[in-house]
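Here is a walk through one protein model and its ligand site. Keep the sequence and the coordinates in view as you read.

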Amino acid sequence: MTKKTIEFPSNFFWGASSSAYQVEGASLTNGKGPSSQDTKVLPEGTADLTVSVDHYHRYKEDIALMAEMGFKSYRFSISWSRVLPNGKGEVNQEGLDFYSNLIDECIKHNIEPIVTMFHFDMPAALDNLGSWGNRDSVQWFVDYAKLLFETYGDRVKYWLTINEQNMLTLVGNVIGTLRVPEGTENVTKEIYQQNHHMLVAQAKAMELCHQLLPDAKIAPAPNIAIAYAASKKPEDALAAQNANAIRNWLYLDMAVYGKYNNLVWTWLADQDALPDIVEGDFESLANAKPDFLGINYYNTLTVREYEAQDGYEVEFKSQQENSGLENMFLGVDNEFLPKTEFGWEIDPIGFRATLREIYSRYHLPILITENGLGAYDELTEDGKIHDDYRINYLRTHIEQMKLAIGDGVEMLGYNPWSAIDLISTHEGIRKRYGFIYVDRDDESVGSLQRYRKDSFFWYQGVIANNGQDL
Ligand code: BGP
């Protein structure tokens, strides 16, 4: 069957993403309080977060390069402890001014600022009070949200609440954000209690956004990737449903409908791990409605029926790799999919499948807030980076996104990871994602000079023709 030509909407947000702690540097200066990222023990051989790629001091140059690529949007995050060094109370005016200037710089270049309110960096002062495990975290987040809406709401129209809440919950240990008090008996309950607080905090922030800024739009930004059944065995189909519920639908069902997914609820009940619910929580959850969905997609997962295996510890190993969850499913390699140099499978068709599934469940427009390839890049002597592998990854994903539009999925934009090279969550700067190369290595050596990769020029062309020629 031949399909009609599919076109991207004329106001499509072509752009890219970053997060505060991974690009900014100046992490312990200029009035900023430390965050959980500054107090975590860095995996050995990874670059220093106090400098990162120095976006804090070079944002004008960076935004100019994004403008040169033709960006229509730039998704970045605000560091909570840069604007509120203790997470609450006293404000750091210099921090507030930094984001104000960054937003103005985007607008000057006709780039829509898309602001993530929380991206893996809890203020250390709040960590010391129990982080998301403390019920007060709901109010801390709402107060922080209010400050952001009041300060930037005149210029920021697109807001994202919590980046990858599902990964904070499933792999907080890998990302360096997990805080479980010593001696906790039921760790699953503690983690899902924290998750519940985040969900309520998010719901209240979405409601507040709509009250204070009637023209603004707000959304969650989970990492969604569908799980395939490894075979046609019916038990494998059940395992895939379990994986999808626990990894994906819990978060979107809560954000959109304010309801706990039944498979997750019964799974938690079986482990005596149901979160404590405070009166009014379900009301807040039901009242809050996102205007769109921010979605991070890297690759799918494939699972089969769970079977206990001796000496085999089941867990999610990183955002995109899992070995399974006890009694629910086992992760397996998918022999149809190649892997990146860092072991993540590559599945562009899974991107289309994921987009179809999300849209048919929630019927809300989708903004891609992350997608991309982490790879070792080489800077040649003449200052070039020939990253054809990255171009290939992005091209095949954009092609599938286009096909998803043809399937009737409403898409708002594409903001892959990442605008510029930055420090990865746990694998240093050697795992590069950017269109812009930064001369910096994991020994924290390098001039920090910026270079345009081949993908920079390719993406510039894609944006210029609105995705017609890839
Ligand atoms: C997502 C995070 C990002 C980012 C990306 C790549 O999970 O939202 O912060 O880093 O994954 O992951 P990594 O840095 O582990 O390669």
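A residue is near a molecule or strand if its C-beta atom, placed from the backbone, lies within 6 Å of it. Which residues come nearest to the ligand? There are 16 residues around the ligand, and Glu164, Gln319, Gly374, Ser424 and Thr425 come nearest. By class, this shell holds two nonpolar, 10 polar and four charged residues. Here Ala, Val, Leu, Ile, Met, Phe, Trp, Tyr, Cys and Pro count as nonpolar, Asp, Glu, Lys and Arg as charged, and the others, Gly among them, as polar.

Two conventions apply throughout. The model is predicted: local features need pLDDT of at least 70, side-chain atom pairs count only at pLDDT 80 or more, and totals for chains, interfaces and linings use all residues. Residues are numbered from 1 along each chain as its sequence is written.

Now the overall fold. The protein has 15 helices and 15 strands. These are DSSP runs, numbered from the N terminus: helices are H or I with at least four residues, strands E with at least two. The radius of gyration is 21 Å, close to the 23 Å that the globule rule gives for 470 residues, so the protein is as compact as a globular protein of that length. The radius is taken over C-alpha atoms, and the rule is 2.2 Å times the number of residues to the power 0.38. The C-alpha trace spans about 60 × 60 × 45 Å along its principal axes.

Buried residues make up 50% of the 470 residues. A residue is buried if 20 or more other C-beta atoms lie within 10 Å of its own, exposed if 12 or fewer, and partly exposed in between; C-beta atoms are placed from the backbone. Contacts use another cut-off: C-beta atoms, placed from the backbone, within 7 Å. Among contacts between residues at least 6 apart in sequence, 77% join residues at least 24 apart.

Next, the interior. A nonpolar core is a set of buried Ala, Val, Leu, Ile, Met, Phe, Trp, Tyr and Cys residues joined through C-beta atoms within 7 Å. The largest has 124 residues, of which Tyr74, Val115, Val303 and Ile366 touch the most other members. Helix 10 (residues 234–257) gives the most to this core, with 11 residues. A second, separate core of five residues includes Met167, Leu168, Leu170 and Phe316.

Methionine 66 sits in helix 3 (residues 55–69). Why does methionine 66 count as buried? It has 24 C-beta neighbours inside 10 Å. Beyond four places in sequence, methionine 66 touches Phe71, Tyr74, Ile111 and Ala419.

Turn to strand 1 (residues 13–17), where five of five residues are buried. Phe13, Gly15 and Ser17 point one way, Trp14 and Ala16 the other. Strand 1 runs parallel to strand 13 (residues 411–414), joined by two bridges. Tryptophan 14 stands opposite tyrosine 414 there. Strand 1 also pairs in the parallel sense with strand 2 (residues 73–77), over three bridges. Pairing requires that DSSP finds at least two bridges. Serine 17 stands opposite arginine 75 in strand 2.

Finally, helix 8 (residues 165–175). Eight of its 11 residues are buried, so helix 8 is largely enclosed by the rest of the structure. Its buried residues include Met167, Leu168 and Leu170. The cover includes strand 4 (158–163), helix 9 (187–212), strand 5 (217–221), helix 10 and strand 9 (316–318). Glycine 176 follows helix 8, with a positive phi near 90 degrees.

How values were computed. Two residues are in contact if their C-beta atoms, placed from the backbone, lie within 7 Å.
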